[in-house]
Amino acid sequence: MKRNLFNLFVLFLIFPVITGQTPEKKQYKAEKLTVAPEIDGILDDETWKQGTWIDDFTQYNPHNGKEPSQKTEFKILFDEDNLYVAFKALDTSPDSIIRRMTRRDNVDGDLLGIFLDSFHDLRTAFFFGVSSGGVKYDQMFTNDGMNEDSSWDPNWWVKTSINDEGWIAEMKIPFSQVRFEKKSGDTWGFDMIRLLYRKNEQSLWQHIPADAPGLVHLFGDLSGLEQIKPRKILDITPYLVGKIETFKTEPGNPFKEKGRNYKFNGGVDAKIGVTNNLTMDLTINPDFGQVEADPSEVNLTAYETFFSEKRPFFVEGKNITSFSFGIGDGEDDDDNLFYSRRIGRRPQGSPDLGTGMYADIPVASTILGAAKLSGKTQNGLSVGFVEALTAEEKAEISHNGDRTYETVEPLTNFFVARVQKDIKEGNTIFGGILTSTNRNLDENLGQFMHKSAYSGGIDFTQYFKDKKWQFNLNTALSQVNGSKEALENTQRSSARYFQRPDNDYMELDPNRTSLLGSGGRVQLMKLDGHVNLLGSLSWKTPGFELNDLGYMQTADQILAILWGSYKEWEPKGIYRTLNINGSLFSSWNFGGDNVGKGINTNINIGLKNYWFVFGGGNLNTSYLSTGMLRGGPMMKTPGTVNGRIGFQTDSRKKLEFSFFTNINKGFEDYSKSTYTEIGVTYKPINFLRITLTPGYSKSFSELQYVTLTSNNGSDKYIFASIDRKTISASLRVNFNLTPDLTLQYWGQPFIATGKYYDHKYILNPMDDTYKNRFHVYSGNEITETSDSYEIDENLDGDFDYNIEKRDFNVQEFLSNMVFRWEYSPGSTVYLVWNQTRSGYNPSGTMDYFNNMGDLFSHDLFRDDDNYTLKNVFLVKFSYRFGLK
């Protein structure tokens, strides 16, 4: 929920909300120079006496169309290889300029920048921005500004300085870092931006009304570049890594007797300009040891948790290969045909170890190499190709001194091809995607993994009435192939549960060796004015399967949504901005059952004191769950009501607070949960930022799945009531000596507990009366032992079956410290320390301070196998050879 102020500005641009006249496009002619200036942020070179300073900026926010409160001037020059941009951000109070030092793309302070539509396709732009502290902020915009990619990190130079008249930014942007055709140099689209941080005021050179449904197509024109020639980039960056791992020794385990491992590795990254507008990114044997770990969690559902991609190679340009079925423009965790975390994942196989056997199992699949080809031609054809190969991974097994090996992940090839073509100045867009996964399986892995998986889709977008309305259609097919055992697992998976006994529209076929499915989404959106509207219908057939290279939790779904919002952006009364939205939704399965419906509403207010206040709520009717019994019949669950509220104080201040709480209540006292989070950010000096975000959740559910057992030939779906508590926190310390020299620490203490009680079995899952849907074991029917519950269901004195105890107390403390020095653009040195402390006990109760103390107990780590400690120390050195 937190964004820096510039990101908020970008959101205002790409989600326009009022109606007005399109302003006349401005013209600017760049001048060619003969002697390049020294990039020092001073502007005292003779070179800068060329050309004319331009200063006619217009305020975008908060008072759209008004004159800015401070004057801004710029000048653009060029030579054969580079574009040179100079800014003068004049300021009547230069001592009020905010000059905080942050990491790249995390600007906190005044900002200047230039947008370049070098294709002049009116849809794509490269943004080069810098804060008054000299921190780079660069992004790639696609789809007329509707999509942004902050992972794009070109190699360019910039310096800033502050003087008595304000502050200065001086840039050198190599033509090799932007893409253009030989003939597109006649005219480029461009715009200039200034963020006056203390007033949260954004101004643009080419005025863009707040009603504009898009961004790039409204840029001004940059001429004078007719003689320049496209430059093909050629960057080769080899790297070396040295790593030491220390961990808890384990007597008798030959893989952990020494308590340490030493590893050395190396590889190459490259960026190659294949043509003027197509770039290939290559990586051979990549290492992502500097990437932050995923947050801790305890997942008691049958569904996979979505984790965001953090590896630089896969993050950069991910918008190009995305094919989402999410609502609106889609979010990262929506159903998508390409989920890059599948590449290099944790091996899926696991050896069956007997007494006295030990195994060394890889924690991730080795990526032997990967390649991306991306770009866009002047005639509107966008392409994105990804090819990756991961190695066969084997577990090394030791038994009585003998060593054997078992494959736990096969040699796998992944491929993605995404193309889009826009015509009629971007008003019509059509495209397609194809993905494939092919594995070299042995007999063991072939029992539960697909031999191959393919998906393909087409999409069509049409804008109407000057892009004020948008129609969009996405549709896709999937096919997975493999052994009978693997395909039966797929049919029985939590995504579809073909084995449900009340299922009369899907067939579980144990002889199947392939599975076909389809999905899609159609939506109509109104993009302009105070009122925005959306109608959407999405579907996934029962056989739709994406999880070999994509991400999807459930198939067998039809979802209809009506959404509307009302926005105010001109300050009035107590607010600067106001946004109210709401939706109605209803879903069905392919058997025709209306499984659920509900309403949602949200309100967001930006106050004049620069605070933000937000709130919302949901009301869901009773839900027919096809997955609650995990392969059993459909079950009716009570409806729920949800409320949430929060606020964030002025993020420009040295001390910033945020608060969020969410309460969810199930009808019939079926469930209740609360989550509260408090955030504190302190910036005592310009190069230090400390953020602490503790959170606490408490929940109760009367129906938590436990297990499936049988009694007298009858299936018993065992549930229990559960009380859960989770306390976690995120501590971040960013120490930024310069824009290129940073030290960052992230730590996360995490304690999660669950206590099961009032065990029960399901009687009639569709009964109209909630309490008649299950039977709670009476005191005579259930007997507790040290590790289980013995059940005498018929009270004949003999136990019929037992239920394993599942109470838990999970403890973790994750730490990650990264020293990063970009000693030359594209060349870096990393010093990294990662630590994982983890522990477990079956108490089911929380004693936070004692539990945290256990994670630092020398005796427990020495004597208790449930407590582990691992450290990783890493040094990574890379050097960029920029040959063009």
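The exercises below treat salt bridges and then strands.

The model is predicted, so local features need pLDDT of at least 70 and side-chain atom pairs count only at pLDDT 80 or more, while totals for chains, interfaces and linings use all residues. Residues are numbered from 1 along each chain as its sequence is written, and side-chain values use heavy atoms, with hydrogens and water left out.

**Exercise 1.** Determine how many salt bridges the structure holds, and characterise the one between Lys271 and Asp281.

*Solution.* 
1. A salt bridge is a side-chain nitrogen of Lys or Arg within 4 Å of a carboxyl oxygen of Asp or Glu.
2. The structure holds 44 salt bridges.
3. In the pair of Lys271 and Asp281, the closest N and O atoms are 2.5 Å apart.
4. Lys271 belongs to strand E16 (residues 260–273) and Asp281 to strand E17 (residues 278–284), so the pair ties together parts that are ten residues apart in sequence. Strands (E, at least two residues) and helices (H or I, at least four) are DSSP runs, numbered from the N terminus.
5. Asp281 counts as buried, at 10% relative accessibility. Buried means under 20% relative accessible area, exposed over 50%, and partly exposed in between, with a 1.4 Å probe and protein chains only.

**Exercise 2.** Locate the salt bridge between Arg341 and Asp294, and state its N to O distance.

*Solution.* 
1. The N to O distance between Arg341 and Asp294 is 2.6 Å.
2. This pair links distant parts of the chain, 47 residues apart: Arg341 is in the loop between helix H3 (318–321) and strand E18 (357–360), and Asp294 is in the loop between E17 and helix H2 (312–315).
3. Arg341 has a relative accessible area of 22% and is partly exposed; Asp294, with 25%, is partly exposed.

**Exercise 3.** Are Lys526 and Asp528 buried or exposed?

*Solution.* 
1. Their side chains form a salt bridge of 3.6 Å, N to O.
2. Both Lys526 and Asp528 are buried.

**Exercise 4.** Describe how strand E20 pairs with E19 and with E23.

*Solution.* 
1. Two strands pair if DSSP finds at least two bridges between them.
2. E19 (residues 367–376) and E20 (residues 381–390) run antiparallel and are joined by nine bridges; Ala370 has Ala388 in E20 as its bridge partner.
3. Four residues separate E19 and E20 in a hairpin, and Gly380 in the turn has a positive phi of about 95 degrees.
4. E20 and strand E23 (residues 411–423) run antiparallel, with ten bridges joining them; the partner of Thr390 in E23 is Thr412.
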